[in-house]
Amino acid sequence: MNDLQNLYQELIIDHGKNPRNFGELNPHDRQAEGFNPLCGDKLTLYLTLTDDIITEVKFKGAGCAISTASASLMTDAIKGKSITEVQQLFSSFHDMITQGQQTMDLGKLAVLSGVREFPMRVKCATLAWHTLQSALHNAAEIATTE
Ligand code: ZN
């Protein structure tokens with residue numbers, strides 16, 4: 001492995017062990033559940049929105065290091081961004097881990113670029129993003145208190 005890959009590996013391990021934005025967010029505007037049956041990764045994502053800006057985001061759940069690190073990195077990356085910006089980020093992130101193309105600067109999300117060499121792991125890395133999609137699209141799915 002070269003130095004960059006080593007650095008990426010360390011960041012993934014760090015975010016996998018000490019996930020950022022971990023826990024429940026109450027109150028929240030949106031909530032969605034994600035499950036990756038291939039690996040057994042589960043997560044619940046919570047967001048608050050002000051107009052179309054994601055002002056706060058947290059997640060909880062249990063999964064492998066890749067799914068946890070990806071959720072941790074995603075929540076850091078999307079906080080404070082508009083839904084339009086987040087969709088561009090997801091599209092670019094998806095291209096990176098499925099095709100190895102980076103169409104925009106992904107910042108720390110680039111640490112997951114190596115996942116494309118492990119097709120079984122792509123679903124681990126995209127779980128948080130697919131859960132985010134359902135949280136953003138299901139406007140009617142306002143979370144209940146319990
Ligand atoms: Zn996994």
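1. Lys 60 is partly exposed, with a relative accessible area of 28%; here buried means under 20% relative accessible area, exposed over 50% and partly exposed in between, for a 1.4 Å probe and protein chains only. Its salt-bridge partner is Glu 24, the closest N and O atoms being 2.8 Å apart, where a salt bridge is a side-chain nitrogen of Lys or Arg within 4 Å of a carboxyl oxygen of Asp or Glu. Glu 24 sits in the loop between H1 and E1 whereas Lys 60 belongs to strand E3, so the pair ties together parts that are 36 residues apart in sequence. Glu 24 also counts as partly exposed, at 44% relative accessibility. Helices (H or I, at least four residues) and strands (E, at least two) are DSSP runs numbered from the N terminus.

2. On provenance, this is a predicted model, in which local features need pLDDT of at least 70 and side-chain atom pairs count only at pLDDT 80 or more, while totals for chains, interfaces and linings use all residues. Residues are numbered from 1 along each chain as its sequence is written, and side-chain values use heavy atoms, with hydrogens and water left out.

3. The structure holds 3 salt bridges. Besides the pair of point 1, Lys 79 forms a salt bridge with Glu 56, with the closest N and O atoms 3.4 Å apart. This pair links distant parts of the chain, since Lys 79 is in the loop between H2 and H3 and Glu 56 in strand E3, 23 residues apart. Both partners count as partly exposed, Lys 79 at 32% relative accessibility and Glu 56 at 26%. A further bridge joins Arg 20 to Asp 14, where the closest N and O atoms are 2.8 Å apart; Arg 20 is partly exposed, with a relative accessible area of 27%, and Asp 14 is partly exposed, with a relative accessible area of 27%.

4. Contact means heavy atoms within 4.5 Å.

5. The zinc ion has as its protein donors Cys 39 (SG), Asp 41 (OD), Asp 41 (OD), Cys 64 (SG) and Cys 124 (SG), lying 2.2 to 2.6 Å from it. Donors are N, O and S atoms within 2.8 Å of the metal (3.2 Å for Na, K and Ca), and water is not among the atoms, so sites may look incomplete. In sequence the donor residues follow the spacing C-x1-D-x22-C-x59-C. Cys 39 lies in the loop between strand E1 (30-36) and strand E2 (41-50), and Cys 64 in the loop between strand E3 (53-62) and helix H2 (65-78), so the pair ties together parts that are 25 residues apart in sequence. Cys 39 is partly exposed, with a relative accessible area of 34%, whereas Cys 64 is buried, with a relative accessible area of 16%.

6. After H3 comes Gly 100, whose phi is positive, near 75°.

7. Ala 125 is found in helix H4 and counts as buried, at 0% relative accessibility. Leaving aside neighbours within four places in sequence, Ala 125 is in contact with Ile 66, Ser 70, Phe 93, Ile 97 and Val 115. Its C-alpha atom is separated by 21 Å from that of Ile 54, 71 residues apart along the chain.

8. Val 115 is also one of the lining residues of the largest pocket. A pocket, on a 1 Å grid over the protein atoms alone, is an open set of points where a 1.4 Å probe fits, with protein on both sides within 12 Å along at least five of seven lines, and lining residues have an atom within 4 Å of a point. About 450 Å³ of space lies in the largest pocket, the volume being the space filled by probe spheres set on grid points joined across faces, edges and corners. Of its 19 lining residues, Gln 9, Ile 12, Gly 114, Val 115 and Phe 118 lie nearest its centre. H1 and H2 each supply at least two lining residues, and the largest share, 6 residues, comes from H1.
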